[in-house]
Amino acid sequence: MSRDGFSPVTGAISLRDVGVHFGTGRHAVQAVQGASFDIAPGEFVSVLGPSGCGKSTLLGVLAGFTKPSSGEALVDGLPVERPGAERAVVFQQPTLFPWKRVLANVAFGPKMRGVGREERKRIAADILREVGLADFHHHFPVQLSGGMQQRVSLARVLVNRPRVLLMDEPFGALDAQTRLQMQELLLELWAEHRITVLFVTHDIDEALFLGDRVLVFSQRPGRIMADFRIELPRPRTPALLTSDHFVYLKRRCLGLLRPEATSTIDGTSQPVFAGDIEQSSP
Amino acid sequence: MAVAIQVESSPQSTGVHTTRPVAPVETTSRGRLRFSVPRWALHLVSLAACVTLWELASRHGWTFLLVRFENVPAPSLVAGAGWGFIHSPKALSHVGNSLLRIFAGFSLAAVLAVTLGLIIGRFRLVSDLLLSPFELLRPIPAVAWIPLAILMFATGEQSMVFITFIGAFFPILLATIHGVEGIDRKLVDAALSLGAGPFSVFREAILPGALPSIMTGLSIGMGTSWFSLITAEMVSGQFGIGYYTWEAYTLQNYPDIVLGMVVIGVLGMGSSALLRWAGRKLTPWYRPGGALP
């Protein structure tokens, strides 16, 4: 479970002054503005922000779905130009293919790579066992609960051995109990697979519980207000949620996300509570 | 008060709308009916009553309002005609010819309309280029094509297949376009980010995603192609079940008219059932309005 031993060498993310706007003229909407940050290989970074702040757009840029209007997004030094299996995406609503059974859904990536039928079945079965769904190979997605569908979604991207895992509020639609289980599963898989995770959420508890580091976004147009490390021990357990340090961090985030706090930011100002927060060291 | 009414009326309404047979041991949910009858028996009784009424009306030449049963052949006469039809060599050639025309016209329409629909639904440019001529042609009923079709094709056979084709083409095309446009954008994104190329996206996401809608279009198209074919056969056919029915009228073989209608109904029902069966086989994950069993 611990992240000792060698560190992964691939999966570095680098954003250079990325801006995204949609539409033109009066209808133009600035979704993201001047986003710059670096993420080290193997790091787990939570992106926290209010709904509609452009954090999902930023994820779309890294996934290759959205072209940035300015700046550039690099993964392992190469600019992101199109979607690719090395940058896995898990959406809030499970996007499993309804017409494929669980095993075929998971085997989709290997199939696209040209892996033979028996081989891809075998590796899909392996990863399904890892997410605890060994007995559900022949179910259709509609026959599974929301939590189980997200397990399949995780299996379906992890089977491709991605360098980067981009998650867009993946547990947002789940009940509290299931969500906690999924969070712990995700941390286990992360420790196992040693991949970089960028985890978008509007849930402060979730961001703090999972991440090595939290990026806090302002309201639209999304800008990074704060970037700090979470010095909580791993493996993380639900007991942490009530610890003093956790509560302290949570209060800080709540302060940052208060509407009056975000509304005072103009184009040039620094993060409002920058002084209170330990800045991450590169 | 409102709540009480709701509680009382809800089991009744489900009882009315359910399509599953009610098990004989259960009392029906309609309350007043204490004894229980299998539903198929009720269906059979009502069917028998209708046929009996028809038989009586024809025999005695009754008139209901404007409808005169004087010249309407009785069911017993139609049954007799049916017995003769089955044993005549003409039956096979009439039915066979119609089926062959449906098969040719419908298959051609299905292949062309599904292919075009997938491309039009997926690519804005193709849609802009092709959709407006199709929109112009679409409101013209297939039957209105009959005179021009006779001029356009060398043989009557070809023109009838063409009419069948036209009848099926537009419903299938529109349903396919609709199906492609209705696919969740995120599913396409997911396929792309899992490493699918343009062709794979088509085969693995667009086609299966549109398939339920395509199947709906095929069943509507099957209905309209039968409709178009029967009319075309009545106008310009030699052999074919539509021709048979019209010929019966001109030769004053009145029982054969009704027999022709019955055969057309059975053929249409059979081809629809075939499509529904194919639909269930092709889209096992999909049940309209509900989850899998």
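Trainee: Which residue stands opposite A:V164 in β7(A)?
Mentor: That's A:R87. Keep in mind that this is a predicted model.

Trainee: How many bridges join β6(A) to β7(A)?
Mentor: Four, and the two strands run parallel.

Trainee: And what about β7(A) and β8(A), how many bridges there?
Mentor: Five bridges join β7(A) to β8(A), which covers residues 196–201 of chain A. Those two run parallel as well. In β8(A), A:T196 is the bridge partner of A:V164.

Trainee: Which helix does the chain pass through from β7(A) to β8(A)?
Mentor: The path goes through α6(A), and this β-α-β crossover is right-handed.

Trainee: Back to β7(A). Are its residues buried or exposed?
Mentor: Buried: five of its five residues. That holds for both faces. A:V164, A:L166 and A:D168 are on one side, while A:L165 and A:M167 are on the other.

Trainee: Switching to helices. Why is α1(A) largely enclosed?
Mentor: Nine of the nine residues of α1(A), residues 55–63, are buried, so the rest of the structure largely encloses this helix. Among them are A:K55, A:S56 and A:L62. Just after α1(A) comes A:G64, with a positive phi of about 100°.

Trainee: How many residues of α10(B) are buried?
Mentor: Seven of its ten, so to speak mostly covered. B:Y243, B:Y244 and B:E247 are among the buried ones.
Trainee: What covers them?
Mentor: The cover includes α4, α9 and α11 of chain B. Just after α10(B), B:Q252 takes a positive phi of about 60°.

Trainee: New topic: domains. Where does domain 2 of chain A lie?
Mentor: Domain 2 spans 93–161. Domain 1 is made of 1–86, 164–170 and 182–282. Their contact takes seven residues from domain 1 and eight from domain 2.
Trainee: Which helix gives the largest share on the domain 1 side?
Mentor: Helix α6(A), with four residues. By class, that side has six nonpolar, one polar and no charged residues.

Trainee: Last one. How many residues of chain A are in contact with chain B?
Mentor: 21 residues of chain A, against 15 residues of chain B. On the chain A side, β6 and α3 each supply at least two residues. The largest share, three residues, comes from α3(A).
Trainee: And how do the residues on that side divide by class?
Mentor: They are 13 nonpolar, five polar and three charged.

Key:
Residues are numbered from 1 along each chain as its sequence is written. Chains are lettered from A and ligands numbered from 1 in the order in which they are written. This is a predicted model: local features need pLDDT of at least 70, side-chain atom pairs count only at pLDDT 80 or more; totals for chains, interfaces and linings use all residues. Domain bounds come from an automatic or database domain assignment. Two residues are in contact if their C-beta atoms, placed from the backbone, lie within 7 Å. Ala, Val, Leu, Ile, Met, Phe, Trp, Tyr, Cys and Pro count as nonpolar, Asp, Glu, Lys and Arg as charged, and the others, Gly among them, as polar. A residue is buried if 20 or more other C-beta atoms lie within 10 Å of its own, exposed if 12 or fewer, and partly exposed in between; C-beta atoms are placed from the backbone. Two strands pair if DSSP finds at least two bridges between them. A crossover is right-handed if, with the strands pointing away from the viewer, the path from the first strand over the helix to the second runs clockwise.
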